[in-house]
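Dear colleague,

Please find below the structure that I am handing over to you. My findings follow it.

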Amino acid sequence: MSVKTSQTTPAALPPSVFTLSPTAQLEALYTIIRDKTTSRGDFIFYSDRIIRLLVEEGLDHLPVVPKTVQTPTGSTYEGVGYEGKICGVSILRAGEAMEAGLREVCRSIRIGKILLQRDEETTLPKYYYSKFPEDIASRSVLLLDPVLASGGSSMKAVEILKEHGVPEERIIFINLISAPEGLKAFCTKYPAVRVITGWIDKGLNEKAYILPGLGDFGDRRYCL
């Protein structure tokens, strides 16, 4: 049986935005994590499944170079390998939830941190702390945050990365759920940053919360 997905797709997505294929399986996963009655354990399990899909998609956008290897049969295979080093950067606290999914597919990957908190009155992000690999300016960066709402926190994070020498074109922003308003603002300010999002929702309410959304990701992930 075919399923009509409820994902909102803007008429013309910016060329830097990429979404997961809206399959019935993906919508089933999102239905589970959106449900307010879903237990914390199930929320973690099923959101981790989506995160893994997103990380795999993000890795597909990293630059590669030709690489030749010898197979066990004595043959030569002309393949590719990743160009240069990569690292992850999570926007605390919710972004830490995506680190395990990244480590599952990238062994011994370095991961940096950015601590930003949203001012509930102004909805603007406040910057508190960051810690990166010393050579981050020479790496491709997978920026991790589950939610792109108004775009304030993610845009601030990119600003901080640029201040540390990371070019926009080497940043890939990965999130589970996004609002059209946030996507537009983010891509207008940073058109060279690629955005990998799992789902585009209808929009924001007056408090800048995504609708229909899934609630506060950090609270549902970390709080009993």
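Helix α1 (residues 24-34) and helix α2 (residues 40-59) pack at an angle of about 140°, with 9 Å between their axes; α1 and α2 are therefore oblique to each other. Here axes are lines fitted to C-alpha atoms, for helices over the stretch in contact, and angles run from 0 to 180 degrees between N-to-C directions. Angles under 35 degrees count as roughly parallel, over 145 as roughly antiparallel, 65 to 115 as roughly perpendicular and the rest as oblique. Helices (H or I, at least four residues) and strands (E, at least two) are DSSP runs, numbered from the N terminus.

This is a predicted model, in which local features need pLDDT of at least 70, side-chain atom pairs count only at pLDDT 80 or more, and totals for chains, interfaces and linings use all residues. Residues are numbered from 1 along each chain as its sequence is written, and side-chain values use heavy atoms, with hydrogens and water left out.

In the contact (heavy atoms within 4.5 Å), Gln25, Leu26, Leu29, Tyr30, Ile32 and Ile33 of α1 meet Phe43, Tyr46, Ser47, Arg49, Ile50 and Leu53 of α2. These residues comprise 9 nonpolar, 2 polar and 1 charged. Ala, Val, Leu, Ile, Met, Phe, Trp, Tyr, Cys and Pro count as nonpolar, Asp, Glu, Lys and Arg as charged, and the others, Gly among them, as polar.

For helix α4 (residues 152-163) and helix α5 (residues 180-189), the angle is about 20° and the axes are 10 Å apart; α4 and α5 are therefore roughly parallel to each other. On the α4 side, Ser154, Met155, Val158 and Glu159 meet Ala185, Phe186 and Lys189 of α5. By class, this contact has 4 nonpolar, 1 polar and 2 charged residues.

The largest pocket holds about 890 Å³ of space. A pocket is an open set of points on a 1 Å grid over the protein atoms alone, where a 1.4 Å probe fits, with protein on both sides within 12 Å along at least five of seven lines; lining residues have an atom within 4 Å of a point. The volume is the space filled by probe spheres set on the points, which are joined across faces, edges and corners. Of its 33 lining residues, Ala94, Arg118, Val147, Asp216 and Phe217 are the closest to the centre. Strand β5 gives the most to this lining, with 4 residues. The lining divides into 17 nonpolar, 11 polar and 5 charged residues.

Two backbone features remain. The peptide bond from Leu211 to Pro212 is cis, with omega near -5°, and Pro212 lies in the loop between β12 (210-211) and α6. Ser108, a residue other than glycine, has a positive phi near 60°.

Yours sincerely
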